[in-house]
Amino acid sequence: MRLSSGVPARVVVLVSGTGTNLAALLEASEDPAYGVNVVAVGADRKDIPALARAQAAGVSTFVLRVADFETREDWDAAFADAVAGHEPDLVVSAGFMKLAGSGFLARFPNRYLNTHPALLPAFPGMHGARDALAHGVKVSGCTVFVVDGGVDTGPIVAQAAVPVLDGDDEASLHERIKVEERRVLVDVVGRMAREGWTVTGRRVTIP
Ligand code: GRF
């Protein structure tokens, strides 16, 4: 993907919870040299800190709840429409706890990123930090990847390793991972926005 040079990339961020990754992206975007304009924040639930962070930054928000639609496919289509209405160059799932359906993925091919708190392909799914801890690994980390039709299976853009310490519980490990996760996500989104990217099979390259 090659974006218009000199024009900030339009980024829609999807959230479901605390929104520290969103906050890191919003803070980085304050610098015009970062090359990103967070044009909207979308959520699948109301009353979450992430939406408050977006509103405090003056960013447009939208909420569509699965429960308000007759079928999951209807929700997926409406959510995709809401995202597409903001004409994003890149869509970033940052703690968004829904799997996008095939209709959504088809709208944003190779432009939908996710971040995961484990070194994929190890420990995919909802509890990356908990599962890594339970397995007894000594190193875990975070992964930013391009979303495909599987659960945390898409082409990997960037990863960073984080040590698992004696005495860690799920919360302490996840918090240590999230520090790296924010750094990697901010770095990757900025470089993709400024330089463009290619996805060839499983390989993602930022020139
Ligand atoms: C992140 O660790 C993300 O990978 C996981 O949930 C966490 C979201 O954190 N899916 P935040 O809402 O950005 O603070």
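**Note on the ligand site and some local geometry**

1. The shell around the ligand consists of one nonpolar, eight polar and two charged residues. Here Ala, Val, Leu, Ile, Met, Phe, Trp, Tyr, Cys and Pro count as nonpolar, Asp, Glu, Lys and Arg as charged, and the others, Gly among them, as polar.

2. This is a predicted model, in which local features need pLDDT of at least 70, side-chain atom pairs count only at pLDDT 80 or more, and totals for chains, interfaces and linings use all residues. Residues are numbered from 1 along each chain as its sequence is written, and side-chain values use heavy atoms, with hydrogens and water left out.

3. Around the ligand are Thr18, Gly19, Thr20, Asn21, Gly95, Thr115, His116, Pro117, His174, Lys178 and Glu181 (a heavy atom within 4 Å of the ligand).

4. Polar contacts (N or O atoms within 3.5 Å) to ligand oxygen atoms include one from a polar side-chain atom of Thr20 at 2.6 Å. A backbone N or O atom of Thr115 is 3.1 Å from a ligand oxygen, and a side-chain N or O atom of Glu181 is 2.3 Å from one. The ligand alone exposes 370 Å², of which the protein buries 88% (Shrake-Rupley areas, 1.4 Å probe).

5. The ligand sits in the largest pocket. A pocket is an open set of points on a 1 Å grid over the protein atoms alone, where a 1.4 Å probe fits, with protein on both sides within 12 Å along at least five of seven lines; sitting in it requires more than half of the molecule's atoms within 2 Å of its grid points. Helix H1 (20-29), strand S5 (112-116) and helix H6 (170-195) each give two or more residues to the shell, and H6 gives the most, with three. Helices (H or I, at least four residues) and strands (E, at least two) are DSSP runs, numbered from the N terminus.

6. The whole structure has six aromatic pairs (ring centres within 6.5 Å; stacked if the planes are under 30 degrees apart). Phe79 and Phe96 are stacked, at 5.3 Å centre to centre and 25° between the planes. Phe79 is in helix H3 (residues 72-84) and Phe96 in the loop between strand S4 (90-93) and helix H4 (102-107), so the pair ties together parts 17 residues apart in sequence.

7. The loop between S5 and helix H5 (128-135) holds Pro121, and the peptide bond from Leu120 to Pro121 is cis, with omega near 15°. Phe123 lies in the loop between S5 and H5 and has a positive phi, near 55°. Most residues other than glycine have a negative phi, and most peptide bonds are trans.

Terms used: Polar contact = N/O pair within 3.5 Å; in protein donor to acceptor, adjacent residues only side chain to side chain. 1 Å grid on protein atoms, 1.4 Å probe; cavity = no way out; pocket = protein on both sides within 12 Å on 5 of 7 lines; lining within 4 Å. Phe/Tyr/Trp six-rings, centres within 6.5 Å; stacked < 30°, edge-to-face > 60°.
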